[in-house]
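User: Let's go through this one together. Please keep it brisk.

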Amino acid sequence: MAAPTAGDRVKRFFGIDPEDKLDDSLYFDGDGSYIEQEGSTAQFFRELVPTSAGIKNYFTELFPFVKWIFHYNFTWLLGDVIAGVTVGFVVVPQGMAYAKLANLPVEYGLYTSFVGFILYWAFATSKDITIGTVAVMSTIVGNTIDRLTSVNENLDPAQIARSLALISGAILLFMGLIRVGRFVEVIPLVAITSFMTGSAISIASGQVPTLLGLKDVNNRDATYLVIINSLKALPTTGLDAAMGLTSLFGLYFIRWFCNYMGKRYPTRQKTWFFIGTLRMAFIIIIYILVSWLVNRDVTDVKKARFKILGPVPSGFQHTGAPDITPEMLAAIGPEIPTTLIVLIIEHIAISKSFGRVNNYIIDPSQELVALGFTNLFGPFLGGYPSTGSFSRTAIKSKAGVRTPLAGIFTAAIVLLALYALTSVFFFIPNAALAGMIIHAVGDLITPPRELYKFWQTSPIEVLIFFAGVFSSVFWSIENGIYVTMGLALFLLLVRKIWSSGHFLGQVSIYSTPRDTVRGNAHLDKANLEDQRSQTAFIPVDHSDLSNPELKIHNPYPGVFVYRPGEGLNYLNAARHLDMLTIYVYKNTRRTEINKFEKLGDRPWNDPGPRRGQSVDTEEIAARPTLRAVILDFSTVNYLDTTSAQALVDIKNQFERYAAPDRVEWHFAGVQNKWTKRALVANGFGKDTIHSIPEGGVAGLKAGYSGPLLGVGEATGEGGIIAGKSASDRGSSADGTTLDEKTAGSAGGDIDAAVDVEAGHVTAVSSRSTARGDGSFRVVPVYGINRPYFHVDVATALKSVVRNLEGRNDESS
């Protein structure tokens, strides 16, 4: 016996058995057999430490443009120029309109758009998305400014917006740098669509008073109040309505007409697309001309026939660091979570969507870096919080953008507008801008066909959708976000906690063409083209919508196969194992039927029949005793301490129930090595009998050669039989598999001669992988020290049956 180590002494000091260890390789005689060694704690933590290659890759991913910039060519340049200029003509009027939503002068919308386009391309993993002003984020900023200035009039609206952008950008940049972008997946699609729809309704309703020139309507009230007050104020409609309604009609008409012409003349579809995307620029130019004709002698905006934009300063007039004081930080602090959520929702959702459409994958963490960097440095040029725009991204994608560098050309158009066109902006009608906003946000409303698809997929999520929309309309956009996210996370939690598992039964599956079983056609097994079958396991209650006429066999008397749904974790372990216990008790009996001779000896939860009534001993005796449990862990990726302890508890409970017999526990489909380690650490998967001595083992039949193992073809030259596929080599004429034929052989590498036609697998002495007789070498799939872990349920069941039939009669 080896001398105790320092580690053994420490274990003994703390009351831990030194023999309680995961490594049991010493029990095997070193014959070259494959022995599994679970990962160590040191290895677990080493996997968390970045490697030198990982660090290099990290810094390379921070600047993704390096991967494509050196391949830039004229064709890419032409596509980027066309797409960038096209988006530029859209973003200038949109940027000014959205700045009005943010309660800021219109030039701030141009500043924000410029910064987004000039900075994003260097960090982008999406070629399509455009960062800049968006309606929803602008509305959030406007609501924030309205709330904070109503409490403290000393706070400057522009400083509030710029400070909010800087703080949010710093947080997003930090999240991206530590690579936690995958956390954005906690925001589901239903929350995004609900938020977008509620926001669009709120924004559009808030623009109606400006569109119609209504008086005394506060568009910052709750949406339902804005709608009611707008209806009450209809008698005050002014000349603005003529500008607003006609501009709105013109935008929709141009879009409809261009779509119609594109479908009618497919060869000119691209031309009509570009005309349609420039509709906002056309409308702005037309209404600037109309406004100039009506108000050309006006120098004071208050004397204009209808409300116009007024003076717009040229160039960058608000550069420098934002004035972030402790007072400012205290004021904007509560608004930061909402700002972050909106920035992330819009940007990541849009970039992922267009990535799938155009066949590339975005990196959420890197997109957070790009978004954070833009918002962090944008305020120094006067920008407020910006994120991805759906409408402009769609235009950019359809315009044929080739790389993220297209943003540079859009920035050039914005820069031109800032320095050369600001004097013209003086005459832009406010009603026309309101019409543009309503037209833009109309596309954010989820169409009925999408809702119907949601209803078919998950009806309860449609309820969450409407809960979010109603919260936005009757409460606020910000609260609508929290309601949808809260309900979605609650639903996820409920599904995890109340997840349902399935007890599986065994069926033999044959393959046949569909038309042979159409209608009431009666097909006998003898008439099947392919007589070979394969074993499958499906829920015994047909909850998977399998045919109720399908005959499902009990795997083996006293053997139960269970597959937990939604994994096995501390949230649902109790539910799954309670279901397993109830089902087992209902379908089995104790090994010792008359274990409780006296009434007082029976447990309170199993009191037996009432006084004067007899128990149906024949019915109970007909039930099988509990022999084995097979857990299909194909849905389990990680086993925590709570669920592991629950498995230990139910194992002990079943041992007492089946005493003096022993209940075997087998696991199929364990893919994660740390899950396997957790099971081994809690006493599962290991074999207490490490080898079979010549004299046999008490309780086992003579000739028993150990538990059943699954084996597969070894790697090496000569491992493939000419003219035979892997599936042909893996199954014999009677449908049995290679694993079944060779299981139970020696624990090391198994040399097997294979006769495919006859279906025989026999051990041979040579260990060469290449043989002229068509044989090949097979090896165990898992270590011989872990015989209770199996590739699939079928192999696990064969192992259980072999072990049970290998017991002596008195032990079974």
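Analyst: Start with helix 5 and helix 17: their crossing is left-handed. Left-handed means the near helix is turned anticlockwise from the far one by less than a right angle, and right-handed means clockwise. Helices (H or I, at least four residues) and strands (E, at least two) are DSSP runs, numbered from the N terminus.

User: Before we go on, what sort of model is this?

Analyst: This is a predicted model: local features need pLDDT of at least 70, side-chain atom pairs count only at pLDDT 80 or more, and totals for chains, interfaces and linings use all residues. Residues are numbered from 1 along each chain as its sequence is written, and side-chain values use heavy atoms, with hydrogens and water left out.

User: OK. At what angle do helix 5 and helix 17 pack?

Analyst: About 155 degrees, with the axes 8 Å apart. Helix 17 covers residues 406-420. Axes are lines fitted to C-alpha atoms, for helices over the stretch in contact, and angles run from 0 to 180 degrees between N-to-C directions.

User: Parallel or antiparallel, then?

Analyst: Helix 5 is roughly antiparallel to helix 17 because of that angle. The classes are under 35 degrees for roughly parallel, over 145 for roughly antiparallel, 65 to 115 for roughly perpendicular, and oblique for the rest.

User: Which residues make the contact?

Analyst: Helix 5 brings Leu 110, Tyr 111, Phe 114, Phe 117 and Ile 118. Helix 17 brings Gly 407, Ile 408, Thr 410, Ala 411, Val 414, Leu 415 and Leu 418. Contact here means heavy atoms within 4.5 Å.

User: How many are nonpolar?

Analyst: 10 are nonpolar, 2 are polar and none is charged. Ala, Val, Leu, Ile, Met, Phe, Trp, Tyr, Cys and Pro count as nonpolar; Asp, Glu, Lys and Arg as charged; the others, Gly among them, as polar.

User: And how does helix 4 pack with helix 5?

Analyst: Helix 4 (residues 74-101) packs on helix 5 (residues 107-120) at about 135 degrees, with axes 7 Å apart. That angle makes helix 4 oblique to helix 5. Their crossing is right-handed.

User: Which residues meet there?

Analyst: From helix 4, Val 87, Val 91, Val 92, Gly 95, Met 96 and Ala 99. From helix 5, Gly 109, Leu 110, Ser 113 and Phe 117. That contact has 7 nonpolar residues, 3 polar and no charged.

User: Why would residues three or four places apart point the same way?

Analyst: Because an α-helix has 3.6 residues a turn.

User: Now helix 16. Which of its residues are buried?

Analyst: In helix 16 (residues 390-398) they are Arg 392, Thr 393, Ala 394, Ile 395, Lys 396 and Ser 397. Buried means under 20% relative accessible area, exposed over 50%, partly exposed in between (1.4 Å probe, protein chains only).

User: What do they pack against?

Analyst: Helix 4, helix 5, strand 1, helix 11 (269-277), helix 14 (336-357) and helix 17. After helix 16 comes Gly 400, with a positive phi near 90 degrees.

User: Where does Phe 123 sit?

Analyst: In the loop between helix 5 and strand 1 (131-132). Phe 123 counts as buried, at 11% relative accessibility. Leaving out residues up to four places away in sequence, Phe 123 touches Leu 62, Phe 63, Pro 64, Gln 366, Val 369, Ala 370 and Phe 373.

User: Switching to Thr 581: buried or exposed?

Analyst: Thr 581 is buried, at 12% relative accessibility. Thr 581 lies in helix 23 (residues 573-587). A polar atom of its side chain is 2.8 Å from the backbone oxygen of Leu 577. Neighbours within four places aside, Thr 581 contacts Ile 650, Gln 653 and Phe 654.

User: What is phi at Arg 179?

Analyst: Near 60 degrees, a positive value in a residue other than glycine. Arg 179 is in the loop between helix 7 (157-177) and helix 8 (189-212), and is partly exposed at 23% relative accessibility. Glu 566 also has a positive phi, about 60 degrees. Glu 566 is in the loop between strand 5 (559-563) and helix 23.

User: Last one: how many helices and strands are there?

Analyst: The protein has 29 helices and 12 strands. Of its 812 residues, 48% are buried.

Key. A polar contact is a pair of N or O atoms within 3.5 Å; within protein, one must be able to donate a hydrogen and the other to accept it, and residues adjacent in sequence count only if both atoms are side-chain atoms.
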